[in-house]
Amino acid sequence: MSNHPAQNRPSAHSEHTGHTGHPTVERHCDVAVIGGSAAGLAAALQLSRQRRGVVVVDDGTPRNAPAAHMHGYLGQEGLAPGELTEAGREEVRAYGGEVLSGRVVGVRPHGDGRFRLDLTGGHTLVARRVLVATGISDELPAIDGVARGWGRGVIHCPFCHGFEARDRRLVQIVTHPLGLHPTPLFRHLTDRLTVVLHDPAGIDERAVEALAASGVTVERAEVGRVLTGTDGEVSGVELADGRVLDADAVVVGSRFRARADVLAGAGLTATAHPTGAGDFLAVDSRGETAVPGIYAAGNVTDPSLQVLPSAAQGSQVGAKIAFSLAEEDLRDAVRHSGEQADWDHRYAGSDRAWSGNPNGTLVHEATALAPGRALDVGTGEGADALWLAEHGWKVTATDISGNALARVRAEAERRGLSLTLLHGDAGDPAPFGTETFDLVSLQYGSFKRTPDQRGLRSLLAAVAPGGTLLVVHHDLSPLSEPLDVSAQTRMYDPSAFVGVDEIAAVLTAEPGTWQVEVHETRPRPAGAASTHHVSDVVLRATRRTV
């Protein structure tokens with residue numbers, strides 16, 4: 001691809017945070033997943049393994065963020081929630097699924113059976129299916145100290161925190177009729193339980209009597225605040241009458257709200273929960289909502305789900321979505337590729353996506369080589385391939401987008417140049433044919449990762465003995481800068497693609513086959529149309545002849 005982008009440059013830097021005036025981006029995929037915690041990532045993993053184009057959008061606000069550990073997850077007992085999320089993201093990315101930092105602000109029909117997701121920053125995601133895994137938000141009672149200690153000394157779930165609170169002094173504050181539901185479990189975990197009926201309206205008095213008869217202390221009093229000690233840990237509950245109940249932990253039941261507001265444009269709203277304690281998003285046995293094509297999983301559909309069953313449900317619903325897409329493709333007699341659809345969209349308009357100038361690094365490096373056979377991977381509009389052909393190279397150019405190759409063909413005919421064009425994905429079997437090349441060029445090209453590194457191995461196998469591999473990639477260090485998801489969404493996930501460092505690692509591990517001559521970061525060649533500084537990472541290696 002050319003290194004001089006025009007307005008809609010498909011680059012990881014298109015939406016570089018902190019830069020104003022950057023272009024908006026529209027991307028296309030098979031499935032858009034809203035929410036990147038256990039349910040969303042489990043579904044994304046299922047779908048990515050089915051070779052579907054999956055994009056997860058996550059704003060980093062999971063319900064369990066205040067918790068230091070999660071419990072009841074077989075094989076991951078006691079793991080920090082963030083560690084599970086990071087591991088899940090890496091597993092999804094290993095199969096080419098993308099996880100974007102950002103926020104969906106609205107979902108609406110696209111008009112052709114697909115859905116349009118509006119994201120912060122003015123960006124858009126168009127998807128054949130949508131999975132909502134946004135979870136629920138807790139509405140805490142307005143008692144001083146509750147919110148401050150939530151998820152730590154102030155707990156709500158006997159399965160999430162009960163064992164850690166065993167045999168300790170517990171004060172349970174009941175603020176709504178459902179509040180007594182977990183009390184028998186807490187009573188079993190400790191014999192030092194006090195129940196405070198802060199708001200007794202609607203409380204089942206028979207349940208209260210049974211608790212008192214079993215030895216549980218019951219207080220009918222309003223709570224003033226939750227007290228903490230000098231170490232920040234819960235130390236007690238102060239009642240409105242001034243009395244203090246000593247406590248090592250406080251139990252409070254929240255009300256819950258489904259995070260479903262973004263679905264209003266698609267005609268979906270939350271349903272009141274039968275308990276009266278909140279609402280949820282109703283789905284059928286397949287996880288599909290009342291709007292065909294929009295699915296949901298996790299505790300947005302069932303507030304009682306912990307992390308493990310949320311992940312299980314996400315995995316199950318992901319499989320149902322995979323069946324839905326496969327059956328639709330079967331009816332249409334196609335084998336749809338979400339990746340191809342995304343790239344074809346980028347080259348669908350009449351405007352040029354790139355400047356038309358060859359990459360300056362390619363020009364610099366190739367000028368020193370004797371012309372021979374060249375392979376341009378991810379050719380885009382073909383500026384690099386055309387330059388090579390004009391300078392005596394016999395060129396084969398490949399791209400996943402048929403629209404891109406049509407542009408290359410038209411420009412080659414206009415210039416009177418002969419090129420071989422291959423339409424396909426680098427991850428396909430034998431994507432570059434059986435021929436090997438004296439120069440294999442990957443200029444800002446991108447293809448999805450797979451655990452077996454099929455695409456990468458095909459790329460390396462295409463280099464002839466004595467031939468040169470030249471990879472130029474964006475310096476991605478700016479992507480480590482913080483992102484305000486309320487204002488911007490980062491529209492590409494470079495970790496889902498084969499990157500220059502991954503390529504370099506394979507080359508370095510095979511010193512008998514490869515000689516790495518250059519692996520460095522350089523200032524971007526002059527003439528780029530970027531409105532902010534971008535550096536390049538350049539990797540040049542030669543396949544040894546022996």
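Reader: In which sense do S8 and strand S15 (residues 249–252) pair, and over how many bridges?

Author: In this predicted model, S8 and strand S15 pair in the parallel sense, and the pairing runs over two bridges.

Reader: Which strands pair with S23, and how many of the residues of S23 are buried?

Author: Strand S20 (residues 373–377) pairs with S23 in the parallel sense over four bridges, and strand S24 (residues 463–474) also pairs with S23 in the parallel sense, over six bridges. Ser441 takes part in both pairings, being the bridge partner of Asp376 in S23 and having Leu470 as its own bridge partner in S24. Strand S23 (residues 437–443) is mostly covered, with six of its seven residues buried.

Reader: How should I read the cysteines, and how many disulfides does a search of the whole structure find?

Author: A disulfide is counted when two cysteine sulfur atoms lie within 2.5 Å, and a search of the whole structure finds zero of them. Cys157 is in no disulfide, because the nearest cysteine sulfur, that of Cys160, is 3.1 Å away. Cys160 is likewise in no disulfide, with the sulfur of Cys157 as its nearest cysteine sulfur.

Reader: Is Cys157 buried or exposed?

Author: Buried means a relative accessible area under 20%, and Cys157, at 11% relative accessibility, therefore counts as buried.

Reader: Are Arg51 and Ala333 buried or exposed?

Author: Arg51 counts as exposed because its relative accessibility is 57%, and Ala333 is exposed with a relative accessible area of 71%.

Reader: Where does Thr271 lie, and which residues does it touch beyond those up to four places away in sequence?

Author: Thr271 lies in strand S17 (residues 271–272) and, once residues up to four places away in sequence are set aside, touches Gly278, Asp279, Phe280 and Ala282. Thr271 is partly exposed, with a relative accessible area of 34%.

Reader: How many helices and strands does the protein chain have, and what percentage of its residues is buried?

Author: The protein chain has 13 helices and 26 strands, and buried residues make up 53% of its 546 residues. Among contacts between residues at least 6 apart in sequence, 67% join residues at least 24 apart. The C-alpha atoms fill a box of roughly 95 × 50 × 40 Å, taken along the principal axes.

Reader: How many positive and negative side chains are there?

Author: There are 50 positive and 67 negative side chains, and the centres of the two sets lie 3 Å apart. The accessible surface of the protein chain comes to about 23500 Å², with 50% of that belonging to carbon and sulfur atoms.

Key. Residues numbered from 1 in each chain as written. Predicted model: local features only at pLDDT ≥ 70, side-chain atom pairs only at ≥ 80, totals over all residues. Heavy atoms only, no water. Buried < 20%, exposed > 50% of the residue type's maximum accessible area, 1.4 Å probe, protein only. Contact = heavy atoms within 4.5 Å. Areas by Shrake-Rupley, 256 points an atom, 1.4 Å probe, with all protein chains shown as cover. Lys, Arg positive; Asp, Glu negative; His and termini not counted. Charge placed at Lys NZ, Arg CZ, Asp CG, Glu CD. Pairing = 2+ DSSP bridges.
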